[in-house]
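I set out to record the surface patches, aromatic pairs and salt bridges of this model. The entries below are kept in the order in which I looked them up.

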Amino acid sequence: MKMDSRDVQHDIGYERRKAAYRREYMKKKKRKRMIHNAIVIAIRLFAAAIVLFVCIKVIDAFIPSVSQTSKKQETNKTAADQETSETKEPEKQVEALEAKSDIDPLILVNNKKKLSDDVTPKLVEVYHGIFMDKSVAEPLTMMIDAAKNAGYDVYASSGYHTKERQQVLYDAKVNEYIADGNSKKDAEKLAKKEVSLPDNSEYLTGLAVDILSADETQDDDQFSDSKAASWLKEHCKDYGFILRYPEEKEEVTGMKYSASHYRYVGKEAAEKIMKQGIALEEYKTK
């Protein structure tokens, strides 16, 4: 049977519409699949977020408890240790101080006379890292404050020394003279005129202090020419101090002149010593 042109056109149109419907159907099916997958992924992510949130809460609730318990135990242990230390240390210090004699402000210590082993200062911190016998703390502070009020920025550069510290200083000075070409014997002889022997140092008493000016160098010779040094020399007696190693007294004291080295002897003795221009050795022999 022979088909006419209308039948052919009808069939072609049908196939085209069928193909178009099929393409549209596949697009819709693909979009549905994509939407479905997106919903599934979103649900899974949401579920994972909930699980993670729950886990974090559980961990947060657990770890602080452990940390706080550990910290509490550590704090309790530290407090117990401190309490034990604070309880024992004062007892030891009191016993030690009671077993030792008080320092006589006029005690004489030099390279010919060492400090007795049964004499120990009652140390207090007068400045950062500078310790002195407690009898010196107030007058020293008053003297330095008075100097500052007068316009001189002075400070305590050195106070109490242990024997070990004094040994280090003495050995360093000996080595310095040896390096200058002196024999060991000559170096020791020269050194002890500037640095006392370890067992014979006034620093062991807690009554001796070095005072320098912040406006000067650490060199004693340069400080000696300063106005601050002149002020201290003039007013030290008002606070119970003397210039321990004055000029032209090297034969008496056995030490070179030092503008920075002061010694507490009490106000009454200080006024007499400074007024007469004598050394402590001379005052003690009268």
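My entries follow, beginning with the conventions.

**Conventions.** I worked on a predicted model, in which local features need pLDDT of at least 70 and side-chain atom pairs count only at pLDDT 80 or more, while totals for chains, interfaces and linings use all residues. Residues are numbered from 1 along each chain as its sequence is written, and side-chain values use heavy atoms, with hydrogens and water left out.

**Surface patches.** I looked up patches, which are made of residues with over 30% relative accessible area and no salt bridge, like charges being joined within 9 Å and nonpolar side chains (Val, Leu, Ile, Met, Phe, Trp, Tyr) within 5 Å. F46, I50, F53 and V54 make up a nonpolar patch with about 420 Å² of accessible area together (Shrake-Rupley method, 1.4 Å probe). I placed V54 in helix α1, residues 5–99 (helices are DSSP runs of H or I, at least four residues; strands are runs of E, at least two). V54 is partly exposed, at 45% relative accessible area (buried is under 20%, exposed over 50%, partly exposed in between). K27, K28, R31 and K32 form a positive patch (Lys and Arg count as positive). K32 is also found in helix α1 and is exposed, at 62%.

**Aromatic pairs.** I found two in the whole structure (ring centres within 6.5 Å; planes under 30 degrees apart are stacked, over 60 edge-to-face, the rest tilted). Y152 and W231 form a tilted pair, 6.5 Å centre to centre with 45 degrees between the planes. This pair links the loop between α2 and β3 to helix α6, across 79 residues. Y152 is partly exposed at 22%, whereas W231 is buried at 12%. F241 and Y264 form an edge-to-face pair at 5.3 Å and 65 degrees, which links strand β5 to strand β6. F241 is buried at 0%, and Y264 is buried at 15%.

**Salt bridges.** I found 12 (a side-chain nitrogen of Lys or Arg within 4 Å of a carboxyl oxygen of Asp or Glu). Which residues does E202 bridge to? E202 meets R244 at 2.6 Å, N to O; the pair is 42 residues apart, with R244 in the loop between β5 and α7. Both E202 and R244 are buried. E202 also bridges to R263, with the closest N and O atoms 2.6 Å apart. R263 lies in strand β6, 61 residues from E202, and R263 is buried as well.

How values were computed
Buried < 20%, exposed > 50% of the residue type's maximum accessible area, 1.4 Å probe, protein only. Charge placed at Lys NZ, Arg CZ, Asp CG, Glu CD. Phe/Tyr/Trp six-rings, centres within 6.5 Å; stacked < 30°, edge-to-face > 60°.
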